[in-house]
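Here's a protein to talk through together. Take a look at the sequence and the fold, and then let's ask how we know what we say about them.

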Amino acid sequence: MGEELGFNMTLLDIGGGFPGSEDVKLKFEEITAVINPALDKYFPADSGVQIIAEPGRYYVASAYTLAVNIIAKKVVLKEQSASDDEDDGTNDKTLMYYVNDGVYGSFNCILYDHAHVLPVLHKKPKPDEKFFSCSIWGPTCDGLDRIVELCGMPELQVGDWMLFENMGAYTVAASSTFNGFQKPDIHYVMSRPAWQLMQQIQEQGLIQPVEELCPSTMPICCAWESGIELPSTSCSTRVL
């Protein structure tokens with residue numbers, strides 16, 4: 001079409017938005033399985049067209065885990081009615097947690113990027129621990145500053161921590177200090193095997209072949225390496 005209009009196009013930018021984590025419906029491999037054959041068909045190597053992409057999200061999404069602290073908590077008791085007589089007591093109250101980051105900060109991805117965030121508890125709940133309906137809010141006292149509308153979690157206390165994984169794309173970069181709340185500090189963390197490998201490269205300039213690395217020595221994540229106990233699954237969360 002471009003050639004028909006007299007344009008001699010030599011550059012094709014296929015854009016970005018490629019997922020950088022595994023908790024997505026459409027995997028990166030599924031996307032490339034469609035894109036690569038199309039590029040080979042319509043823009044072969046001898047076409048004279050240079051092809052570029054913008055894989056920023058793919059590289060950085062999983063690089064950041066956001067840790068937020070509960071700074072306030074509100075207990076909302078539900079009104080009892082005749083229909084509640086057979087209630088087992090698990091829904092006698094709802095909990096509202098206020099944390100030290102919100103949609104004007106790192107969670108701006110909820111507003112601008114349509115992100116669905118899932119909290120992971122820092123403290124692993126006990127098997128028989130009671131769960132409640134909860135919502136999570138930012139610190140600004142703005143009604144828009146809602147991070148999670150509804151999720152099920154055990155009762156937490158002020159000072160407890162929540163973790164949000166895959167927070168590397170379109171989060172801190174677009175955050176503000178609205179209402180005087182500062183942007184979060186960034187700490188760099190590396191697992192022990194990765195640190196030892198970096199030291200080996202620096203000292204010897206050699207990299208041990210990947211196939212010789214024992215998988216059992218490689219931690220799943222830096223949180224595991226540091227001794228942080230995380231639940232195997234996030235709490236059930238729905239964000240609107």
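Q: Where does asparagine 166 lie?
A: Asparagine 166 sits in the loop between S8 and H4. One thing to keep in mind from here on: this is a predicted model.

Q: Why is asparagine 166 called partly exposed?
A: Its relative accessible area is 26%. Buried means under 20% and exposed means over 50%, so asparagine 166, at 26%, is partly exposed.

Q: What makes the phi of asparagine 166 worth a look?
A: The phi is positive, about 55°, although asparagine 166 is not a glycine. Most residues other than glycine have a negative phi.

Q: Which loop holds histidine 114, and what is its phi?
A: Histidine 114 is in the loop between H3 and S5. Its phi is positive too, about 55°, and histidine 114 is not a glycine either.

Q: What follows helix H4, and what is its phi?
A: Glycine 205 comes after H4, with a positive phi near 70°.

Q: How do you know that the span of H4 is close to what is expected?
A: H4 covers residues 192-204, which is 13 residues.

Q: What is leucine 144 in contact with, leaving aside neighbours within four places in sequence?
A: Val103, Tyr104 and Leu111. Leucine 144 and valine 103 are 41 residues apart along the chain, yet their C-alpha atoms are separated by 7.8 Å.

Q: Which members of the largest nonpolar core touch the most other members?
A: That core has 24 residues, and the ones in question are Phe107, Ile136, Ile147, Met153, Met162 and Phe164. At least two core residues come from each of S3, S4, H3, S6, S7 and S8. S7 gives the most, with four.

Q: What is isoleucine 136 in contact with, leaving aside neighbours within four places in sequence?
A: Among them are Tyr97, Val99, Pro119, Ile147, Met153, Met162 and Phe164. As a general point, nonpolar side chains in soluble globular proteins tend to be buried together.

Q: How do you know that S3 and S8 pair?
A: Pairing takes at least two bridges. Four bridges join S3 to S8, so they pair, and they run antiparallel. Leucine 66 stands opposite phenylalanine 164 in S8.

Q: How many bridges join S5 to S8?
A: Three, and those strands also run antiparallel. In this case proline 119 is the residue opposite phenylalanine 164.

Q: What does the secondary structure of the protein come to, and how much of the protein counts as buried?
A: The tally is five helices and nine strands. Of the 240 residues, 28% count as buried.

Q: What share of the contacts with a separation of 6 or more comes from residues 24 or more positions apart?
A: That share is 76%.

Methods:
Residues are numbered from 1 along each chain as its sequence is written. This is a predicted model: local features need pLDDT of at least 70, side-chain atom pairs count only at pLDDT 80 or more; totals for chains, interfaces and linings use all residues. Side-chain values use heavy atoms; hydrogens and water are left out. A nonpolar core is a set of buried Ala, Val, Leu, Ile, Met, Phe, Trp, Tyr and Cys residues joined through side-chain atoms within 4.5 Å. Buried means under 20% relative accessible area, exposed over 50%, partly exposed in between (1.4 Å probe, protein chains only). Contact means heavy atoms within 4.5 Å. The expected span of a helix is 1.5 Å times one less than its number of residues.
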